[in-house]
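The following note sets out points for a colleague reading the model shown below. Each point takes up one topic.

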Amino acid sequence: MITQISSKELKNQLEEKKSKLILIDVREPWEFEITKINKSENIPLGSIATILNSHGLEKEIVVYCHHGVRSMRAANFLHSLGYKNVRNLTGGIDSYRSVDASVKAY
């Protein structure tokens with residue numbers, strides 16, 4: 001089962017200097033260009049298998065998309081491959097706007 005993370009929890013964790021969280025945006029590149037959460041990397045859902053070569057199975061990973069549907073699919077996929085610490089951002093970047101005014105609506 002995939003654990004969810006709230007926008008407030010994610011923002012707090014990103015602000016921690018010791019956090020080694022990997023934040024992955026699974027939206028399409030054109031969406032990422034419009035707005036993104038700082039410190040995130042863009043790996044579209046269709047390319048999520050490329051993460052296998054980039055991050056270890058024990059790393060703490062949070063995935064997000066626009067509303068949380070695509071990222072839940074990505075989180076389930078990564079979990080099925082053995083990633084042990086994958087979480088989904090509840091409500092996606094749309095929800096994250098409530099804690100970070102720099103994130104634009106689209």
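Which residues form a nonpolar patch on the surface?

1. Trp30, Ile34 and Tyr106 form this patch, with about 300 Å² of accessible area together. Patches here consist of residues with over 30% relative accessible area and no salt bridge, like charges being joined within 9 Å and nonpolar side chains (Val, Leu, Ile, Met, Phe, Trp, Tyr) within 5 Å. A salt bridge is a side-chain nitrogen of Lys or Arg within 4 Å of a carboxyl oxygen of Asp or Glu. Accessible areas come from the Shrake-Rupley method with a 1.4 Å probe, and for residues only the protein chains shown count as cover. Ile34 belongs to helix α2 (residues 29-34) and is partly exposed, with a relative accessible area of 33%; the classes are buried under 20%, exposed over 50% and partly exposed in between (1.4 Å probe, protein chains only).

2. On the basis of the model: it is predicted, so local features need pLDDT of at least 70 and side-chain atom pairs count only at pLDDT 80 or more, whereas totals for chains, interfaces and linings use all residues. Residues are numbered from 1 along each chain as its sequence is written, and side-chain values use heavy atoms, with hydrogens and water left out.

3. On the overall fold: the chain has four helices and five strands, in the order β-α-β-α-β-β-α-β-α from the N terminus. Helices (H or I, at least four residues) and strands (E, at least two) are DSSP runs, numbered from the N terminus. The radius of gyration of the chain is 13 Å, close to the 13 Å that the globule rule gives for 106 residues, so the chain is as compact as a globular protein of that length. That radius is taken over C-alpha atoms, and the rule is 2.2 Å times the number of residues to the power 0.38. Buried residues make up 42% of the 106 residues. Of the contacts (heavy atoms within 4.5 Å) with a separation of 6 or more, 69% join residues 24 or more positions apart.

4. Leaving aside neighbours within four places in sequence, Cys65 is in contact with Val26, Arg27, Arg70, Ser71, Gly92 and Ile93.

5. On two loop lysines: Lys20, in the loop between α1 (7-15) and β2, counts as exposed at 71% relative accessibility. Lys39, in the loop between α2 and β3 (40-42), counts as exposed at 65% relative accessibility. The phi of Lys39 is near 75°, a positive value in a residue other than glycine. Most residues other than glycine have a negative phi.
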